[in-house]
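Subject: Structure handover

Hi,

Here is the structure for your set. My notes follow below it.

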Amino acid sequence: MAIKKHDVWMSVPAFDPYDLWASYWGVSIRECYYRGKHLGKIGAVALGLLDWLFPQTGRRLLGARKLEYPIVIAHFVLQARSRHLSVDADYLHALTALRSTAATQGAGGQWSWGLGFPWMSKNGLYGPDIPFVTHTPYVMEALLVLADQPELYDEAMNLFHGTWNFLESLKVMHRGKDELALSYAPVEEPRIVVNANTYAAFAYALHSVHGKSEIRDEARSKALRLARWVVRQQQADGSWFYYADREPGNFIDCFHSCFVIKNLLKVKRLLPDLADIVDQPINKGWRYIKEEFFDGRAGLCRRFTVRSHWDPFRWDLYDQAEFLGLLVDFGELDKAIDFARDVEKRFSKGSNWYCRIDIFGRRWGKNFLRWGIMPFWYHRSRLEKALEGK
């Protein structure tokens with residue numbers, strides 16, 4: 001499924017890597033697994049093998065449906081902006097789709113977005129209607145793009161302003177004299193997720209610039225305190241663990257590490273006076289990613305430097321997508337050109353794209369758009385735009 005040069009928005013329901021795990025059986029198995037039950041471990045192996053070896057059959061057996069994901073819709077809108085295309089009708093379609101896929105649709109003046117399916121994690125069960133701070137900021141960016149269309153301004157900004165109440169509903173996980181850490185979703189959680197707090201900092205920074213005048217100072221203050229907390233979680237080598245602890249199950253992976261740096265860069269662009277706080281950690285983290293994740297021989301980024309579990313996949317497109325985005329952010333365009341070309345050769349075949357490559361070199365996840373494919377297309381369009389500017 002390739003993007004046509006001028007077809008920026010389209011209705012694209014797709015399967016997803018989490019389809020089987022979001023089913024009744026998948027949620028039950030993961031719950032047993034995280035409780036340490038033998039049945040959960042056996043079930044996880046069995047369902048994992050089914051998903052790996054027979055992905056289409058597994059989805060038919062468990063009745064998985066193709067879905068539209070707000071993060072995919074948002075990336076289509078952002079890609080349209082990067083290409084400077086005139087797509088008024090598609091923008092209207094996108095705004096309608098974002099409204100319909102929202103987790104919280106205006107109740108109490110709140111608008112927010114999440115996965116749209118149930119997910120059992122180490123932090124517990126998140127229902128299909130639970131919004132996430134890792135998803136909502138992408139839609140917030142897209143809403144600001146849509147608001148540039150005069151006929152869409154009022155509705156787009158109404159939804160954007162509604163995200164403030166979502167941010168304020170997040171649980172305070174840590175509060176220090178000059179720092180703050182929030183939950184992943186507006187529910188009680190046992191562990192703090194580092195990259196989620198960079199998304200929170202970015203979302204508050206967006207409100208500090210584009211929000212209602214009466215909340216801008218508060219938004220700026222919270223963005224600053226969240227950024228301080230994040231940079232203080234950085235390890236001496238420049239890395240960030242996924243969780244802000246050293247409990248079992250923690251890990252360091254590529255695309256979540258890229259998220260941290262990407263969001264800190266976005267916060268700095270919105271609030272330039274934060275440069276003294278974030279510049280050194282950003283550069284240190286970027287150096288870690290290039291030295292520890294990028295495999296020069298393969299021309300791709302490894303998935304983990306600290307692993308919490310085993311699975312049969314060697315390469316993941318999401319890692320490559322976010323690494324490409326940082327190459328563009330840091331102006332390493334020549335390297336980005338070669339890298340994007342290598343990724344495209346490995347993860348696409350004809351008009352189809354795949355989100356993972358397994359230990360046998362087989363492509364997996366045909367046109368699973370949410371998981372890395374749409375982010376890669378978006379960052380590739382950013383690279384094209386940067387090259388035009390150069």
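R59 and D19 form a salt bridge between their side chains, at 2.9 Å from N to O. A salt bridge here is a side-chain nitrogen of Lys or Arg within 4 Å of a carboxyl oxygen of Asp or Glu. This one joins distant parts of the chain: R59 sits in helix α3 (residues 55-61), D19 in the segment before α1 (24-34), and 40 residues separate them. Helices (H or I, at least four residues) and strands (E, at least two) are DSSP runs, numbered from the N terminus. R59 is buried at 1% relative accessibility. D19 is buried too, at 11%. Buried means under 20% relative accessible area, exposed over 50%, partly exposed in between (1.4 Å probe, protein chains only).

Before you go on, two points on the source. This is a predicted model: local features need pLDDT of at least 70, side-chain atom pairs count only at pLDDT 80 or more, and totals for chains, interfaces and linings use all residues. Residues are numbered from 1 along each chain as its sequence is written, and side-chain values use heavy atoms, with hydrogens and water left out.

The structure holds 24 salt bridges. Among them is E155 with R99, with the closest N and O atoms 3.1 Å apart. That pair also links distant parts of the chain: helix α7 (residues 153-169) holds E155, helix α5 (residues 88-100) holds R99, and they are 56 residues apart. E155 is partly exposed at 32%, and R99 is partly exposed at 30%. D311 pairs with R303 at 2.6 Å between the closest N and O atoms. D311 is buried, at 14%. R303 is buried, at 8%. D178, E179, R228 and R232 are linked in a salt-bridge network.

Next, W364. This residue lies in strand β14 and is buried at 4% relative accessibility. What does W364 touch, leaving out residues up to four places away in sequence? Its contacts (heavy atoms within 4.5 Å) are P17, D51, W52, P55, R59, F313, Y354, C355 and R356.

N367 is in the loop between β14 (363-366) and α14 (369-389). Its phi is near 60°, a positive value in a residue other than glycine. Most residues other than glycine have a negative phi. N367 is buried, at 12% relative accessibility.

Last, K349. Its place is strand β12 (residues 348-349). K349 is exposed, with a relative accessible area of 54%.

Best wishes
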